[in-house]
Amino acid sequence: MLQLGEEVSLYSVVFVVVLLGTRSPVWTTALTVSLYLFLVMFRFPQVPASRAQQVLRPAASVTGSGGVSAVAHRGGGQDAPENTIAAIREAGKNKAAGVELDLEFSSDGVPILMHDDTVDRTTNGSGPLSRLTFSELAKLDAAAKHRLKDKFAGEKIPTLEEAVEECIKRQLTIYFDVKGHPDEAAAALKDLYRKHPVLYNSSIVCSFQPKVIYRMRQADPDVVTALTHRPWSLSRFGDGSPRYPSLWKHHWMSLMDVVLDWAHHHVLWKLCGVSAFLIQKNFVSFDYVQYWAQRGVEVVAWTVNTEVEKQYYQDLLKVNYITDSLLEDCDPHY
């Protein structure tokens, strides 16, 4: 009944909005029916709930406890250099259930772990990834800018496969965060899943870009996927400050934020058939968790960096959370 009611509400809203814009019942009906047919023909079904549960609640699969997973953001960038083998090892030692790893590509097409599109922030190198081959990246020190650089000196930028093999060895769930390159990422991940079938039950592919998730489902519909979202991301930075000094542009982008948020919650998740929704922690509430639970979608909160917050999400909301540190409180991360 929920699905039927939601479908009716969705198409009713579309019908009213289009009717107000066009003043034409004929065009309104045609466009609404077109949207319905598009979703029916091109949407992906969610993977079986039992398998999504195995990925998102690995502790529950063993104990039946419904246990919450703490996931190390970029491998736990506070505890070790982010997106490195050292970070994965430290996450395992610190009892993380999983790691979130960022997928990028070198200029010669090698899948690597890197959050930014340049190496400047995290290494002793400089320049965009689009101009650096993997052999050049391999010479850089990925710990050079980290607060524990002496402890992890000489840590290298790993390939995606190296990181995956380390996670499999340590039985860590992997949250692949795909930054872009939809076609290349889908192809690389598809090959990885075929080489390591255990990933179907121990990993999830996530992205802020719905196109990435849709391409992944096209490449391999058996992969568990998630959309990542932060409301008001087009008009505001993570701390809430406006992105644009121009008032008209700020209001225009705010309107686009409303449209994007509505699309995520009513159309895009359904089109992609996602099993989880990764949302910035400040927007998570009991009602929000229930909204998605009724649709068979798990909520994962990011980035949760204090012990008080962790207790709230773990004990009260009972949702998985992504954190920069398994050991201590650290600064907010948006």
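**Note on the predicted model: pocket, cavity and backbone**

1. Strand 2 (98–105), strand 4 (173–178) and strand 5 (203–207) each contribute at least two residues to the lining of the largest pocket, where strands (E, at least two residues) and helices (H or I, at least four) are DSSP runs numbered from the N terminus. A pocket here is an open set of points on a 1 Å grid over the protein atoms alone, with protein on both sides within 12 Å along at least five of seven lines, and its lining residues have an atom within 4 Å of a point.

2. This is a predicted model, in which local features need pLDDT of at least 70 and side-chain atom pairs count only at pLDDT 80 or more, whereas totals for chains, interfaces and linings use all residues. Residues are numbered from 1 along each chain as its sequence is written, and side-chain values use heavy atoms, with hydrogens and water left out.

3. The largest pocket has a volume of about 470 Å³, a volume being the space filled by probe spheres set on grid points that are joined across faces, edges and corners. Its lining comprises 24 residues, of which H115, D177, K179, F208 and W302 lie nearest the centre of the pocket. By class, the lining of the largest pocket holds eight nonpolar, nine polar and seven charged residues, with Ala, Val, Leu, Ile, Met, Phe, Trp, Tyr, Cys and Pro counted as nonpolar, Asp, Glu, Lys and Arg as charged, and the others, Gly among them, as polar.

4. The structure also holds one cavity of 30 Å³ or more, a cavity being a set of points where a 1.4 Å probe fits but cannot get out. The volume of the largest cavity is about 60 Å³, and the residues lining it are E82, N83, T84, L113, M114, H115, T122, T123, A142, I157 and P158. Five of the lining residues of this cavity are nonpolar, five polar and one charged.

5. As for the overall fold, the protein has twelve helices and nine strands. Its radius of gyration is 21 Å, close to the 20 Å that the globule rule gives for 334 residues, so the protein is as compact as a globular protein of that length; the radius is taken over C-alpha atoms, and the rule is 2.2 Å times the number of residues to the power 0.38. Buried residues account for 50% of the 334 residues, buried meaning under 20% relative accessible area, exposed over 50%, and partly exposed in between (1.4 Å probe, protein chains only).

6. Most residues other than glycine have a negative phi, and most peptide bonds are trans. The peptide bond from W302 to T303 is cis, with omega near -15°, and T303 lies in the loop between strand 8 (298–302) and helix 12 (307–317).

7. The position of Q171 is in the loop between helix 7 (160–169) and strand 4, and Q171 is exposed, with a relative accessible area of 72%.
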